[in-house]
Amino acid sequence: MTSLQSNIAAAETYLEHWRDCGVQNHIAGQTVPASGGETFENTTPVDMSRLCDVARGTVADINAAAQAAAHGFTIWRDVSGKDRRDILHAIADGIEDRAEEIALLESLDTGQAIRFMSKAAIRGAENFRFYADKAIEARDGKSIHAPGQMNVTSRFPLGPVGVITPWNTPFMLSTWKIAPALAAGCTVVHKPAELSPITAKILVEIAEQAGLPTGVWNTVNGFGEEVGKALCEHPLIRAIAFVGESATGSAIMAQGAATLKRLHLELGGKNPVIVFEDADLDRAAEAAIFMIYSLNGERCTSSSRLLVQASIYDELTARIAKKAAAIKVGHPLDPNTVIGPLISQGHQAKVMSFFDTARAEGATIATGGERVGQTGCYVAPTLFTGAKNDMAIARQEIFGPVLTAIPFADEADALRMANDTDYGLAAYLWTNDLTRALRMTERLETGMIWVNSENKRHLPTPFGGVKASGIGRDGGDWSFDFYMETRNVSFATTAGKIPQLGG
């Protein structure tokens with residue numbers, strides 16, 4: 001039996017449960033169907049075959065989950081930091097115990113290659129362990145002194161929060177949002193993406209088996225325009241943490257306005273990787289390839305615009321085209337696969353529409369630009385050359401394995417093009433000139449910049465974007481700034497004179 005065959009066999013074993021029982025909601029510690037009794041079908045982009053049925057949640061389900069979270073908050077907020085730490089570590093242990101199941105099911109659910117999804121559970125466990133250890137200090141503050149006065153600050157949890165996660169790497173991103181919320185003492189209503197719901201149910205089950213009190217974490221499945229909207233509008237929900245496209249983020253802002261929701265929005269990107277002629281071209285090429293063709297290119301931090309100094313443009317793009325053409329596209333459970341099927345037929349059609357756009361705009365398709373096979377949602381890794389920054393292929397978020405390469409003349413030209421976008425999530429800069437790197441990083445309009453590196457996340461650092469790429473930051477204490485309120489208490493240390501009014 002090949003590795004692919006053994007992975008398929010193992011995945012089929014795990015799928016038996018979900019095919020029989022479906023993915024139900026999880027409210028107040030109970031696995032429950034949608035209140036209206038409706039379901040929708042969840043399919044795999046490998047061949048569009050059925051994986052399982054999923055509860056189609058309603059406004060009533062969101063209300064029940066919000067009430068459960070509000071009740072759970074009265075318990076969870078008073079649990080000590082040490083006890084929260086121990087429970088979050090136990091959740092991480094549970095994730096690691098089910099790592100194979102999570103990886104195989106997520107690969108089939110999303111189309112992401114198992115070589116990347118095999119690390120999803122590991123990264124999810126790391127997120128829980130990081131915030132487990134920070135739970136003890138989450139409520140700490142500062143001592144601020146002034147003449148005749150001592151101020152003491154502290155933080156306290158916000159309350160029940162809504163978490164809405166996307167379909168591209170759903171398990172890891174769910175842990176990235178939910179772990180700090182729990183560490184802070186908040187309770188959660190989680191709305192997973194309807195296109196990849198399975199591992200969200202596994203995750204909440206792991207949490208309660210690890211000792212998380214019932215009602216602290218609730219999950220409602222369904223569609224954004226139904227349960228997502230209800231979650232954003234619910235008066236018991238104090239904040240919404242969302243990962244997804246910018247247009248949806250704008251809608252969430254409007255939906256949460258009436259109840260003055262606090263918002264953290266991690267949105268789209270059209271991220272530049274800027275390569276100067278003095279860069280290490282071997283490393284720059286490998287990093288650019290990794291950041292656009294890993295995870296099917298369906299990642300917010302993908303390096304989807306390649307800005308290359310004109311003197312090395314032909315050399316670098318030829319090198320990337322050759323390597324991209326050799327990338328294996330195939331079944332996501334094949335360990336040799338790099339690019340699996342895109343998430344859905346609709347998304348496949350959207351990505352492929354840019355091939356015609358590129359031709360119409362006068363760009364060249366150096367490699368790819370076509371569907372792979374006639375079954376499933378496969379697309380070849382694609383490179384557009386001869387592009388300009390005002391083309392749609394350089395301005396719109398394609399969210400697939402598609403790279404647009406644009407030449408630039410000099411530093412000023414590179415900076416102008418890099419910033420000439422509605423987005424501002426990430427940028428990647430390749431140069432061996434330190435002073436140039438300092439100048440560029442000071443002026444790039446983006447929330448995160450990696451210099452001479454691909455995206456390497458360090459959990460204590462802030463993660464987030466500017467402009468249409470989002471509001472707020474995750475990571476380290478920045479997550480607690482979102483999930484917690486800050487209180488200041490001022491103590492008079494001297495009997496100062498109080499201003500007197502009246503007689």
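## Ground rules

Residues are numbered from 1 along each chain as its sequence is written. In this predicted model, local features need pLDDT of at least 70 and side-chain atom pairs count only at pLDDT 80 or more, while totals for chains, interfaces and linings use all residues; side-chain values use heavy atoms, with hydrogens and water left out.

## The seven-stranded sheet

Strands of a sheet pair through backbone hydrogen bonds, either parallel or antiparallel. Here, seven strands make an open sheet with mixed pairing. Their order is β14-β15-β16-β13-β12-β17-β18. (Strands are DSSP runs of E, at least two residues; helices are runs of H or I, at least four; both are numbered from the N terminus. Two strands pair if DSSP finds at least two bridges between them.) β14 (364-367) and β18 (448-451) stand at the edges. Each has a single partner strand, so one side of each is left without a neighbour in the sheet. From one strand to the next, the twist averages 25°.

Look at one pair inside this order. β15 (residues 382-385) and β16 (residues 402-408) pair in the parallel sense over three bridges. Thr382 stands opposite Val402 in β16.

## The three-stranded sheet

Three strands form another open sheet, in the order β5-β6-β20. Its pairing is antiparallel. β5 (143-146) and β20 (484-492) are the edge strands, and each pairs on one side only. The twist averages 25° from one strand to the next.

β6 (residues 149-157) pairs with β20 over nine bridges, in the antiparallel sense. Val152 stands opposite Val489 in β20.

## Two helix pairs

Two packed helices are described by the angle between their axes and the distance between the axes. (Axes are lines fitted to C-alpha atoms, for helices over the stretch in contact; angles run from 0 to 180 degrees between N-to-C directions.) The axes of α3 (residues 81-97) and α8 (residues 198-209) come within 8 Å. They cross at roughly 130°. α3 and α8 are therefore oblique to each other. (Under 35 degrees counts as roughly parallel, over 145 as roughly antiparallel, 65 to 115 as roughly perpendicular, and the rest as oblique.) α3 passes α8 in a right-handed crossing. (Right-handed: the near helix is turned clockwise from the far one by less than a right angle; left-handed: anticlockwise.)

α7 (residues 170-184) packs with α17 (residues 476-483) at an angle of about 70°. Their axes are 9 Å apart. α7 and α17 are therefore roughly perpendicular to each other. Their crossing is right-handed.

## Two cavities

The structure holds two cavities of 30 Å³ or more. (On a 1 Å grid over the protein atoms alone, a cavity is a set of points where a 1.4 Å probe fits but cannot get out; lining residues have an atom within 4 Å of a point. Points are joined across faces, edges and corners, and a volume is the space filled by probe spheres set on them.) The largest cavity holds about 90 Å³ of space. It is lined by 16 residues, and Pro272, Ala418, Ala426, Glu445 and Thr446 lie nearest its centre. α15 (411-419) and β17 (426-430) are the elements that give two or more residues to this lining. By class, the lining has seven nonpolar, six polar and three charged residues. (Ala, Val, Leu, Ile, Met, Phe, Trp, Tyr, Cys and Pro count as nonpolar, Asp, Glu, Lys and Arg as charged, and the others, Gly among them, as polar.)

The second largest cavity has a volume of about 40 Å³. Its lining includes Gly269, Ile292, Arg299, Glu397, Phe399 and Val402. Four nonpolar, five polar and two charged residues make up that lining.

Technical notes: On a 1 Å grid over the protein atoms alone, a cavity is a set of points where a 1.4 Å probe fits but cannot get out, and a pocket is an open set with protein on both sides within 12 Å along at least five of seven lines; lining residues have an atom within 4 Å of a point.
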